[in-house]
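Me: I am new to this structure and would like to get to know one part of it well. Please pick a single spot and walk me through it slowly.

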Amino acid sequence: MDFNLSSEQKMLGDSAKRYLSQNYSFDIYLDQIGSNMQINPERWQKMLDLGWFGLPFSEENGGFSGSLFDVSLIARALGEALSIDPYVDNIVLPGKLLEFISSPTADAWLKKLIDGERTFSAAIYDVDSHYDINHTNVILEDGVVNGQKSFVSNVGEVDYLICYAREASDEQPILFIVAVEEEGVEYKDCRVLNGSRSGVVTFNNLELTNDKILCVGSDATAAAQRAIDYVTVLECAAMIGAATAAYEKTLEYAKIRKQFGTHIGSFQVIQHYLVDMFVELQQAESMLFMATDKGAVKDVAESQAAISSCKAYLCKSVVAIAQQAIQIHGGIGVTEELDIGHYFRFITHLSLIHGDRDFHMSRYMKRTGLEDKICAVNMA
Amino acid sequence: MNLEFSDTEKEFQKDVQSWLSDNVPADIQEKTQNGEMLDKTLQQKWEQILGSKGWLATTWPKQYGGPGWNATQRYIFDVERAKAGAPGTSPFGVSMVGPVIFNFANQEQKDRWLPGIVSGDTLWCQGYSEPNAGSDLASLKTSAKKEGDEYIVNGQKIWTTQAHWADMIFCLVRTDSTVKKQQGISFLLIDMNTPGIEVRAIHSIDGHHHLNEVYFNDVRVPVENLVGQEGMGWTIAKFLLTHERTTIAGVADTKQEIERLKHALKNTRSGSGVRWDDPQARRRVAELEIDLMALEYTNFRTVASTDNGNPLGPESSGLKIKGTELQQQVSQAIVELGGPLSLAWDNKEAIGNMEFNKATRRYNFLRACTIYGGTNEIQKNVIAKMLLGL
């Protein structure tokens, strides 16, 4: 086994960190969460120029065929910088949906995404379906769509939505694409936990021509599931990045904050808390390495077990690291003015999208035989 | 990044599997799979079987009689060994005093003691802790005063596992009480048959006898039994703490314990079904499996960096802490999921399920694992100082 990064991977990770240190900061983050604009044109262009838009996609589709691990380096750097630039939500997720649909029409849309010509968001979840994508009340009937999708990232700033729905006639799932400006598409949005914006999209007698239907049947479900699985690993990477920053900032703080005439890092209880965070971070990072590798295998049960075990683990351990970071900071940790509390929100946000701990525990159990019934008991 | 075993390693894995399937004695296998402790005869029998194959001192280089395996091979062997229902080996000879001898001792000492360790013929125990020197080990008082060509040893050691089995004990003794406490300590090898040594049993809460007090009353030890120079004892003790961390997490045996738990749940009747039908029990298994995976991959990172000749990364420092915590959690889960079946203590025939019946003693035994080898609190102090700069 070898856990070393190749020289290309080191360069990729370093360049992502360098870009972020030069182009992102806590002040920019604060401006961003206070505004309605999440897709900053200048930074969007720079990320395009860095090749990030093409990295996750195959060369046939005009991408750079980066591995899941390669892309995780970017997500991790974004997390470490507390960046909510929606690279994962508005590039990788819709792009992977299009790539996994794998049709000439979808490929043509993907090309526009990779080239930065058009922007997209994925409309996958219904408000009353928890994390189950299979359940949707968005219905296509006689060429007309009605229904509502929720948790659509930055809907107010993108050109197109890729939506998971079903046909009225035979319940077949479909994925269709529609311009946000189209008549029959309405949305409302609000700020969500990490400071980005998320929308509720209502389709009100939207007329859908056949060329907008990208995929029908089990292929649609498979494409949506694979895309979500893919970005789930990236969220885990962002959680590790954010937790690394939160831990390091807390360690530094413990070395300078004085109480009782000495720095608080000299107290054994604080030392042990910090060691717990440090050790837990190493364990969580090992799970990320595992998931970037095993999450990319062909066998669906194996890849989903790997991804779910990683997310479930991080939802426990990384969240605990973020909580402890606040505790060690004391009062200043719960204020808006210090970044620690924002890292906590950022991590909590990630722990709740595309499946929380319970969801992923259940899925892990389904994929590893822990839900199998025991029929014959062999009693001695 | 490459997280697969190579073809050569898979080949090695097969060889190990096939040797184990032919060479683990049935009586040893049965007891181990039930989670029972082996007596001296069986424990030594197994170690001698490994010794004659050349697979006992797995961390040793070839020149001293080890198999010359790298860390990946050692890891594979350990996993297959646990899977085959074979017990672990006593660490005092092969993992502790052996590496001290081939790193610090002179040729004569190597020739004298290493062969008995490699073959499994000589059993060792560790004389470190004293009644007033536990976590504060450097405060130890057992003295060794030089008289001619002998040291006269006086004092008391405690928590000495397998002292009642051992032929030899390696001791930290105070040879100089006038210098800083760490600098006055020396590393001495003592024959347990020497007059003046008395071993008294300590019975632990698992109902077994592993631990002892060892009293030294004017015990005469030849000076050629000193390893290194006088005053080097503390350096040697610290060396042992950093030596070979690739199996310290106990991944192989914990993995096997979880398998045992699953087997027990599936084979224990409960109402009209089995314990496995309880979704809370299976959720608990899932949580343990995932916690184990995090430990396992952290361990893989340590194994890989050892084999790539890299210095150990920070990920290896928490292995003992997380490994022992998980051993306790798994053991606790077995006891709690067995419920009333875990109350059985000395039954010869199964009450419901022997795996649950036997689990309680192990649960009691494993309370010690976060204490021995340096408590987890001491481990955290060390990490805080060495790695976090606190």
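Reply: Let's start with two residue pairs in polar contact, counted between domain 2 of chain B and domain 3 of chain B, with both residues of a pair at pLDDT 80 or more. A polar contact is a pair of N or O atoms within 3.5 Å; within protein, one must be able to donate a hydrogen and the other to accept it, and residues adjacent in sequence count only if both atoms are side-chain atoms. Please keep in mind that this is a predicted model, in which local features need pLDDT of at least 70 and side-chain atom pairs count only at pLDDT 80 or more, while totals for chains, interfaces and linings use all residues. Residues are numbered from 1 along each chain as its sequence is written, chains are lettered from A and ligands numbered from 1 in the order in which they are written, and side-chain values use heavy atoms, leaving out hydrogens and water.

To find the spot, look at chain B, where the assignment gives domain 1 (7-89), domain 2 (124-232) and domain 3 (245-386); such bounds come from an automatic or database domain assignment. The C-alpha centres of domains 2 and 3 of chain B are 32 Å apart. Six residues from domain 2 of chain B and seven residues from domain 3 of chain B make the contact, meaning heavy atoms within 4.5 Å.

Together these two domains bury about 530 Å², with carbon and sulfur atoms giving 61% of that area. Buried area is the accessible area (1.4 Å probe) that two parts lose on being put together, summed over both. On the domain 2 side, B:Ser135, B:Ile205 and B:Asp206 lose the most area to domain 3 of chain B, together 76% of what that side buries.
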